[in-house]
Amino acid sequence: MVCHRKKSHAKRGATTGAAVGAALGSPLGPFGAGIGAGFGGATGYLAGRVRDDFGP
């Protein structure tokens, strides 16, 4: 039997933030999409860590 843990908010935030950042940066070309994904992923990860540590 395998016990499935709920995905942490940090992982979910990083994934969602990277996708949104890439979408918003894509009009600037591939470089803009990469920068957007990097900043979006980092911001989402940090917000998720705060939620994992301090809130529901």
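Why does Arg-12 count as partly exposed? The reason is its relative accessibility of 35%, since partly exposed is the class between buried, which means under 20% relative accessible area, and exposed, which means over 50%, with a 1.4 Å probe and protein chains only.

Before I go on, a word on the basis: this is a predicted model, in which local features need pLDDT of at least 70 and side-chain atom pairs count only at pLDDT 80 or more, while totals for chains, interfaces and linings use all residues. Residues are numbered from 1 along each chain as its sequence is written, and side-chain values use heavy atoms, with hydrogens and water left out.

Let me turn to the overall picture. The chain has two helices and zero strands, where helices (H or I, at least four residues) and strands (E, at least two) are DSSP runs numbered from the N terminus. Of the 56 residues in the chain, 23% are buried. Among the contacts with a separation of 6 or more, 52% are between residues 24 or more positions apart, a contact being heavy atoms within 4.5 Å.

Now back to Arg-12, which sits in helix α1, residues 9–25. Together with Lys-7, Lys-11 and Arg-51, Arg-12 forms a positive surface patch. Patches are made of residues with over 30% relative accessible area and no salt bridge, with like charges joined within 9 Å and nonpolar side chains (Val, Leu, Ile, Met, Phe, Trp, Tyr) within 5 Å. Lys and Arg count as positive and Asp and Glu as negative, with His and the chain ends not counted, and the place of a charge is taken as NZ of Lys, CZ of Arg, CG of Asp or CD of Glu.

A nonpolar surface patch is made by Phe-31, Ile-35 and Phe-39, which together have about 380 Å² of accessible area. Phe-39 belongs to helix α2, and counts as exposed because its relative accessibility is 59%.

How many salt bridges does a search of the whole structure find? The search finds one, taking a salt bridge as a side-chain nitrogen of Lys or Arg within 4 Å of a carboxyl oxygen of Asp or Glu. The partners are Arg-49 and Asp-53, whose closest N and O atoms are 3.8 Å apart. Both residues lie in helix α2, residues 30–54, and they are four residues apart, about one turn of the helix. Arg-49 counts as partly exposed, because its relative accessibility is 37%.

Finally, some pairs that are separated in sequence. Val-20, in helix α1, is 20 residues from Gly-40 in sequence, and the distance from C-alpha to C-alpha is 6.8 Å. Gly-34, in helix α2, is 16 residues along the chain from Ala-18, with 8.9 Å between their C-alpha atoms. Ser-26 lies in the loop between α1 and α2, and its C-alpha atom is 8.0 Å from that of Gly-36, a residue 10 positions away along the chain. Val-20 is partly exposed because its relative accessibility is 45%, Gly-34 is partly exposed because the value there is 44%, and Ser-26 is partly exposed because the value there is 41%.

Note on methods: Accessible areas come from the Shrake-Rupley method with a 1.4 Å probe; for residues, only the protein chains shown count as cover.
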